Amino acid sequence: MLKPSRSALAVVALLSSALAPQIARAQALPPASEIIAKYVAAIGGKDAIMKVTSIKQVATMDVPAVGMSATMEMFAAAPNKLASKTSIPGLGEMQNGFDGTVGWDMNPMQGPRVLTDKELTTMADNADFYASMLYTADRFSTMETVGDTTVAGEKAYKVKLVKKNSKTESTSFFSATSGLLLGSTSTQETQMGTMTMTQIVSDYKAFDGLKFPTKLEQTMGPQSIKITIKELVVNGAPASAFAVPEQIKPLIKK
């Protein structure tokens with residue numbers, strides 16, 4: 001039987017000593033399932049979440065770099081509907097949405113269009129109502145803790161998520177103390193191609209027994225956008241909010 005040489009044993013000992021802190025640190029990280037469970041409990045629990053069938057939010061949006069402010073209305077409903085309207089002074093109204101089948105986008109510069117391919121798949125994933133609050137494991141091909149970091153002065157665990165349908169990859173940051181979501185980085189399919197967006201969320205407040213962040217700061221490329229939620233109504237989104245706009249209907253392929 002071959003025996004390891006003295007020099008080989010020395011190399012193994014040296015590597016073991018050097019890697020020990022990293023191995024211990026990796027072992028100390030909780031599994032993603034545990035982090036997600038703590039988050040769900042922190043915002044109110046699964047039972048409370050499942051009583052929610054829709055959400056309406058009214059917000060202000062500020063783009064400091066260009067001195068622009070706008071008002072927003074955002075709607076979401078189970079199982080998979082999403083819509084938003086943004087009114088920008090001097091420019092007009094921007095709309096996008098998904099009614100469970102059709103995805104659309106309208107803005108004064110590019111006009112109305114129907115979403116297709118990756119944009120549509122990504123929109124459908126974003127519209128998955130309960131998955132966005134419960135992080136249900138069956139919606140992801142990857143869900144793993146990949147490290148820790150500091151977000152807004154808080155220690156946070158980094159959880160890598162890859163959605164099954166759209167293959168969208170993101171990393172979410174969950175507070176090691178409270179369990180609340182502190183932010184995320186993700187790839188987004190847009191008309192200009194794939195872009196990376198960073199989002200920091202804060203100032204959680206309770207609405208009908210559930211906690212939601214009321215301040216969001218999004219960075220995509222050189223632009224930073226600050227969103228402040230002024231009103232949030234649980235089970236307050238009307239069905240009409242998800243109706244396909246008249247300008248979009250002629251563009252839908254039969």
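Which residues do ring pairs link into a cluster? They are Tyr 39, Tyr 135, Phe 140 and Phe 174. Keep in mind as you look around that this is a predicted model.

**The chain as a whole**

Let's start with the overall picture. The protein chain has five helices and 13 strands. Of its 254 residues, 39% are buried. Among contacts with a separation of 6 or more, 44% join residues 24 or more positions apart. The chain exposes about 14,300 Å², and carbon and sulfur atoms supply 56% of that area.

**The aromatic pairs**

A pair of aromatic rings is described by the distance of the centres and the angle of the planes. Searching the whole structure turns up six aromatic pairs. Here are two of them, with their values:

| Pair | Distance of centres | Angle of planes | Type |
|---|---|---|---|
| Phe 129 and Tyr 130 | 5.0 Å | 85° | edge-to-face |
| Tyr 135 and Phe 174 | 5.7 Å | 75° | edge-to-face |

Why is the pair of Phe 129 and Tyr 130 called edge-to-face? Its planes stand at 85°, and an angle over 60 degrees counts as edge-to-face. Phe 129 and Tyr 130 are both buried.

The pair of Tyr 135 and Phe 174 links distant parts of the chain, 39 residues apart. Tyr 135 sits in the loop between helix H5 (131-134) and strand E7 (140-151), while Phe 174 belongs to strand E9 (residues 169-175).

Methods
Residues numbered from 1 in each chain as written. Predicted model: local features only at pLDDT ≥ 70, side-chain atom pairs only at ≥ 80, totals over all residues. Heavy atoms only, no water. Phe/Tyr/Trp six-rings, centres within 6.5 Å; stacked < 30°, edge-to-face > 60°. Buried < 20%, exposed > 50% of the residue type's maximum accessible area, 1.4 Å probe, protein only. Helix = DSSP H or I, 4+ residues; strand = E, 2+ residues; numbered from the N terminus. Contact = heavy atoms within 4.5 Å. Areas by Shrake-Rupley, 256 points an atom, 1.4 Å probe, with all protein chains shown as cover.
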